[in-house]
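This briefing sets out selected features of the structure shown below.

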Amino acid sequence: MGKILDDAALDALFRGARTHNKWRKKPVSDTLLRALWELAKMGPTSANCSPAHILFVKSPEGKARLSPALSEGNREKTMAAPVTAIVGYDLEFYEKLPFLFPHNAEARSWFAGNPELVRTTAFRNGSLQGAYLILAARALGLDCGPMSGFDNGKVDAAFFPDGKVKSNFLCNLGYGDPAGLFPRSPRFAFDEACEIV
Ligand SMILES: Cc1cc2nc3c(=O)[nH]c(=O)nc-3n(C[C@H](O)[C@H](O)[C@H](O)COP(=O)(O)O)c2cc1C
């Protein structure tokens with residue numbers, strides 16, 4: 001508690017971490033994907049609602065199913081990546097609140113019958129969990145390539161046909177080849193993006 005990470009850790013998570021476009025052939029084990037979830041799942045969500053549903057596409061069959069939904073610019077690298085995570089959110093997350101938020105028996109009723117609140121809560125918290133997944137992957141030595149350039153409807157039809165889970169974004173995972181990197185783009189300085197009142 002309260003311990004500051006060293007520079008090597010900060011570089012791995014933020015300063016040296018990049019969005020990768022080219023992948024080495026090195027595979028990613030299922031054991032590593034499980035370790036990834038063990039970290040990512042600990043990130044905070046409202047009422048601990050944890051709406052993320054992650055589908056790790058590894059098999060050639062799964063990749064072939066994903067391919068038609070991808071934008072042209074994302075297809076080749078996604079087919080080459082050892083793993084593509086479909087980061088989705090579960091619109092029935094509130095059914096699990098008696099388990100996830102046991103100290104408030106009312107929690108399920110905040111959402112049941114309120115589809116707009118369900119959708120915004122699932123999308124907000126599912127997106128946060130996707131970000132936790134990226135940082136957890138980097139912490140475990142994996143590189144990431146997040147993507148929104150795909151047809152969500154096609155992905156949902158191909159992978160989540162019961163309509164309960166919706167895709168949010170995709171994230172290629174593996175060991176990146178720096179040869180495929182673009183130059184680092186600028187970021188806002190504190191005064192351009194932040195205020196203190
Ligand atoms: C939610 C999300 C969606 C993105 N969609 C795409 C995409 O469809 N195709 C792509 O090539 N890059 C995509 N990117 C990558 C961004 O362009 C990249 O992360 C950004 O330029 C910063 O690059 P850096 O991490 O190397 O500094 C996406 C990133 C995020 C977080």
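K41 is partly exposed, with a relative accessibility of 33%. In this predicted model, the side chain of K41 joins that of E38 in a salt bridge, with 2.8 Å from N to O. E38 is likewise partly exposed, at a relative accessible area of 42%.

**Salt bridges**

- Side chains of opposite charge can pair when their charged atoms come close.
- The count of salt bridges in the model comes to nine.
- One of them links K164 to D90, where the closest N and O atoms are 3.2 Å apart.
- K164 sits in the loop between α8 (152-159) and β4 (165-174), whereas D90 belongs to strand β2 (residues 83-90), so this pair ties together parts that are 74 residues apart in sequence.
- R15 pairs with D11 in another salt bridge, in which the closest N and O atoms are 2.8 Å apart.
- Both R15 and D11 lie in helix α1 (residues 7-15); because they are four residues apart there, about one helical turn separates them.
- R15 counts as partly exposed at 49% relative accessibility, and D11 is also partly exposed, at 34%.
- The pairing of R15 with D11 belongs to a network of salt bridges that links D7, D11 and R15.

**Ligand surroundings**

- Which residues surround the ligand? They are R18, T19, N74, K77, P146, M147, S148, G149, R184 and R187.
- By class, the residues of this shell divide into two nonpolar, four polar and four charged.
- A polar atom in the side chain of N74 lies 2.9 Å from an oxygen atom of the ligand.
- An N or O atom in the side chain of K77 is 2.7 Å from an oxygen atom of the ligand.
- The ligand taken alone exposes 630 Å², of which the protein buries 61%.
- The elements that contribute two or more residues to the shell around the ligand are α4 (72-80) and β3 (143-147).

**Cysteines**

- How many disulfides does the model contain? The count comes to zero.
- For C144, the closest cysteine sulfur is that of C171; the two sulfur atoms are 4.2 Å apart, which is too far for a bond.
- The cut-off for a disulfide is a pair of cysteine sulfur atoms within 2.5 Å.
- C144 is buried, with a relative accessible area of 1%.
- C194, by contrast, is partly exposed, with a relative accessible area of 35%.

**Backbone angles**

- Most residues other than glycine have a negative phi.
- A47 has a positive phi of about 50°, although it is not a glycine.
- A47 is placed in the loop between α2 (30-40) and β1 (52-57).
- N48 is a further residue other than glycine with a positive phi, near 55°.
- N48 is also found in the loop between α2 and β1.
- At 34% relative accessibility, N48 counts as partly exposed.

**Serine 109**

- S109 is located in helix α6 (residues 107-111).
- Is S109 buried or partly exposed? With a relative accessibility of 46%, S109 counts as partly exposed, because that class covers values between the buried limit of under 20% and the exposed limit of over 50%.
- S109 and Y94 are 15 residues apart in sequence, and their C-alpha atoms are 8.3 Å apart in space.

Technical notes:
Residues numbered from 1 in each chain as written. Predicted model: local features only at pLDDT ≥ 70, side-chain atom pairs only at ≥ 80, totals over all residues. Heavy atoms only, no water. Near = heavy atom within 4 Å. Polar contact = N/O pair within 3.5 Å; in protein donor to acceptor, adjacent residues only side chain to side chain. Areas by Shrake-Rupley, 256 points an atom, 1.4 Å probe, with all protein chains shown as cover. Nonpolar A, V, L, I, M, F, W, Y, C, P; charged D, E, K, R; others polar. Buried < 20%, exposed > 50% of the residue type's maximum accessible area, 1.4 Å probe, protein only. Salt bridge = Lys/Arg side-chain N within 4 Å of Asp/Glu carboxyl O.
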